[in-house]
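Thanks for taking a look at this one with me.

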Amino acid sequence: MAAHSRYEELARQLSAIGAVKREMGRMLPQDCPPASAGVLTLLDRHGEMRMSQLAELLAIDMSVTSRHVAHVAERGWIEREPDPADKRSRLLRLTPSGTALLAELAERYTAALARYLDDWSDADVGHLNELLARLRTSFGDCRTRAHHDTTRTPAG
């Protein structure tokens, strides 16, 4: 087990990752904020879905999800079609324009990472990928835990 001071340093480093995420967000087209990119990415990864499922995956309120969906739909990046199983619901799916935008975003992100990490070895980048994947696995599905675990404190 790592010393307590190592965990304190890790907490500081994870907090500082916000600056990295903001810088990466600046790479996005002006009309595609990070939340929109997140919606598109989830639809690409999971396929068509109802807005309720998207809200759960984003771990945000339905009203906020609705605003994000309206934004990407207005730009033609997704379509909303009636759900054949429940006509009151709509299924969200990527359009070819949304898929093309995702490809552009992936290229921008990859180029930016290559530029910022040009002095890193392939082994270092691979090791970081492994450690980040391991960190995410250790935390599990934080979305479901946040809804069910109200007894824990930040220190506990």
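1. Glutamate 79 is partly exposed at 30% relative accessibility (buried is under 20% relative accessible area, exposed over 50%, partly exposed in between, with a 1.4 Å probe and protein chains only). Salt bridges with shared partners join Glu48, Glu79 and Arg93 into one network (a salt bridge being a side-chain nitrogen of Lys or Arg within 4 Å of a carboxyl oxygen of Asp or Glu).

2. A word on the basis: this is a predicted model, where local features need pLDDT of at least 70 and side-chain atom pairs count only at pLDDT 80 or more, while totals for chains, interfaces and linings use all residues. Residues are numbered from 1 along each chain as its sequence is written, and side-chain values use heavy atoms, leaving out hydrogens and water.

3. The mean pLDDT (the predictor's confidence in each residue, from 0 to 100) is 89 for the protein, and 88% of its residues reach 70 or more.

4. The salt bridges number eight. In one of them, arginine 50 pairs with aspartate 83, with the closest N and O atoms 2.7 Å apart. Arginine 50 is partly exposed at 31% relative accessibility, whereas aspartate 83 is buried at 6%.

5. Arginine 75 and glutamate 74 also meet in a salt bridge, at 3.6 Å from N to O. Here arginine 75 is partly exposed, at 32%, and glutamate 74 is exposed, at 63%.
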